[in-house]
Amino acid sequence: EHCIAQDRALLLIAEDIDSMNYGIEKVLEGIPGFQTTHAKYCDEALLKYKKALIDNDPYDLLITDLSFKQDHKETVLANGEDLISAIKEINSDLPILVYSIEDKPYRIKCLFDLYTINAFVLKGRYSSLELREAVSKLKVGEKYISKDIAHYLYTKEAEEITDYDITILGLLSEGYTQNEISTHLDAQNVSPSSVSAIEKRINKLKTQLKAKNTIQLVALAKDIGMI
């Protein structure tokens, strides 16, 4: 894993709320060596990141929120995921810490799987302590996940959920019957598409998510951010 310099490290914070920016900076005052730059828009953060590369003084860590409130200013990058994706295309090794109120475990798992983020801190009552701990972990090349959600991300059940499962859950949430799901999957050349295979998969998902019926299954899938 990429380690952050111990003596002098440049930190880019993408956060649109002033109080949060101030809070992050205060938390990091206890960790020596950090110099921080702020950006209230994702586009602004990307421009600052690119300029630092041109100046041959690149950032060592990005801390970003996921949600950014839209205002009169036109933006290309609408949210933190867009920013992470854009920066990862430039430098796939840059350590990234997501600091967000997002608490849906499956969505957070996707941030680690798809965007290879290095840390996730859930904004909340104890987030200052967790933020400091996360940055300390990142400095030595370790990952960090808030304790409130870490247990789910490490479960066997989370690892076994596939894109095929997500597709079925999405169609169920739209009111499709198993027969209609079968027809839809067949038309999309998705296999297996038989009704029996779909029923078997739904039953397995009920067991994994501890759902008593299909309605509860869809509700639980929404709760954890699968659909």
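Which residues does I87 touch, not counting those up to four places away in sequence? In this predicted model, the partners of I87 are L46, Y49, L62 and L94. I87 is also listed, together with L62, L83, I96, V98, I117 and F120, among the residues with the most contacts inside the largest nonpolar core.

The largest nonpolar core holds 30 residues. At least two residues of this core come from each of strand 1 (9-14), helix 2 (42-54), helix 3 (80-90), strand 4 (96-100), helix 4 (105-115), strand 5 (119-122) and helix 6 (147-153). Helix 2 is the leading contributor, giving 5 residues.

Among contacts between residues at least 6 apart in sequence, 65% join residues at least 24 apart.

Leaving aside neighbours within four places in sequence, the contacts of V98 are T64, L66, I84, L111, I117, A119, F120 and V121. Of these partners, I117 and F120 are themselves listed with V98 among the residues with the most contacts inside the core. With V121, the C-alpha to C-alpha distance is 6.2 Å, although V98 and V121 are 23 residues apart in sequence.

E15 sits in the loop between strand 1 and helix 1 (18-28). Why does E15 count as buried? The relative accessible area of E15 is 1%, and buried means under 20%, so E15 falls in the buried class. A polar atom of the E15 side chain lies 3.1 Å from the backbone nitrogen of I17. Beyond four places in sequence, E15 is in contact with M20, N21, A39, K40, D65, F68 and K123.

Open space is represented by the largest pocket, with a volume of about 240 Å³. Among the 16 residues that line this pocket, Y106, K109, C110, L114 and D163 are the closest to its centre. Helix 4 and helix 8 are the elements that give two or more residues to the lining, with helix 4 supplying the largest share, 8 residues. The lining residues divide into 9 nonpolar, 2 polar and 5 charged.

Because 8 of its 11 residues are buried, helix 8 is largely enclosed by the rest of the structure. The buried residues in helix 8 are Y164, D165, I166, I168, L169, G170, L171 and L172. Just after helix 8, G175 takes a positive phi of about 95 degrees.

Most residues other than glycine have a negative phi, and most peptide bonds are trans. Against that background, N56 has a positive phi near 60 degrees. N56 lies in the loop between helix 2 and strand 3 (61-64) and is exposed, with a relative accessible area of 68%. T116 also has a positive phi, near 45 degrees; the place of T116 is in the loop between helix 4 and strand 5, where T116 is partly exposed at a relative accessible area of 42%. Finally, the peptide bond from S191 to P192 is cis, with omega near 0 degrees, and P192 lies in the loop between helix 9 (178-187) and helix 10 (195-209).

Definitions and conventions: Residues numbered from 1 in each chain as written. Predicted model: local features only at pLDDT ≥ 70, side-chain atom pairs only at ≥ 80, totals over all residues. Heavy atoms only, no water. Core = buried A, V, L, I, M, F, W, Y, C linked by side-chain atoms within 4.5 Å. Buried < 20%, exposed > 50% of the residue type's maximum accessible area, 1.4 Å probe, protein only. Helix = DSSP H or I, 4+ residues; strand = E, 2+ residues; numbered from the N terminus. Contact = heavy atoms within 4.5 Å. Polar contact = N/O pair within 3.5 Å; in protein donor to acceptor, adjacent residues only side chain to side chain. 1 Å grid on protein atoms, 1.4 Å probe; cavity = no way out; pocket = protein on both sides within 12 Å on 5 of 7 lines; lining within 4 Å. Points joined across faces, edges and corners; volume = space filled by probe spheres on them. Nonpolar A, V, L, I, M, F, W, Y, C, P; charged D, E, K, R; others polar.
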